[in-house]
Amino acid sequence: MSNVIRVKPTHDGTYTVYRGEAVLVSGLTRLQAERYEASLSLRPGILAYA
């Protein structure tokens, strides 16, 4: 499984943050999703335990 973090829009206008194929969090505004994505990139060790 890939550890790539990405943000994708959903059909209802919210955003979902993924790590590879796994959903990390959904139902966010775009700003919330981008902040969440940025917080994960600031803590690279978290991917090893997620």
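**Chat notes: strand, core and salt bridge**

Reader: Where is Ala-22 found?
Author: Ala-22 is in strand S3, residues 22-28. Strands (E, at least two residues) and helices (H or I, at least four) are DSSP runs, numbered from the N terminus.

Reader: What kind of model is this, and how are residues numbered?
Author: This is a predicted model: local features need pLDDT of at least 70, side-chain atom pairs count only at pLDDT 80 or more, and totals for chains, interfaces and linings use all residues. Residues are numbered from 1 along each chain as its sequence is written, and side-chain values use heavy atoms, leaving out hydrogens and water.

Reader: Back to Ala-22. What is its relative accessible area?
Author: 26%, so Ala-22 is partly exposed. Buried means under 20%, exposed over 50%, partly exposed in between (1.4 Å probe, protein chains only).

Reader: Which residues form the largest nonpolar core?
Author: Six: Ile-5, Tyr-15, Val-17, Leu-28, Ala-33 and Leu-40. A nonpolar core is a set of buried Ala, Val, Leu, Ile, Met, Phe, Trp, Tyr and Cys residues joined through side-chain atoms within 4.5 Å.

Reader: What does Tyr-15 touch?
Author: Leaving aside residues up to four places away in sequence, its contacts include Val-7, Pro-9, Val-25, Leu-28, Arg-30 and Ala-33. Contact means heavy atoms within 4.5 Å.

Reader: New topic. How many salt bridges?
Author: One in the whole structure. The side chains of Arg-30 and Glu-34 meet at 2.9 Å, N to O. The cut-off is a side-chain nitrogen of Lys or Arg within 4 Å of a carboxyl oxygen of Asp or Glu.

Reader: How far apart are Arg-30 and Glu-34 in helix H1?
Author: Four residues, so about one helical turn separates them.
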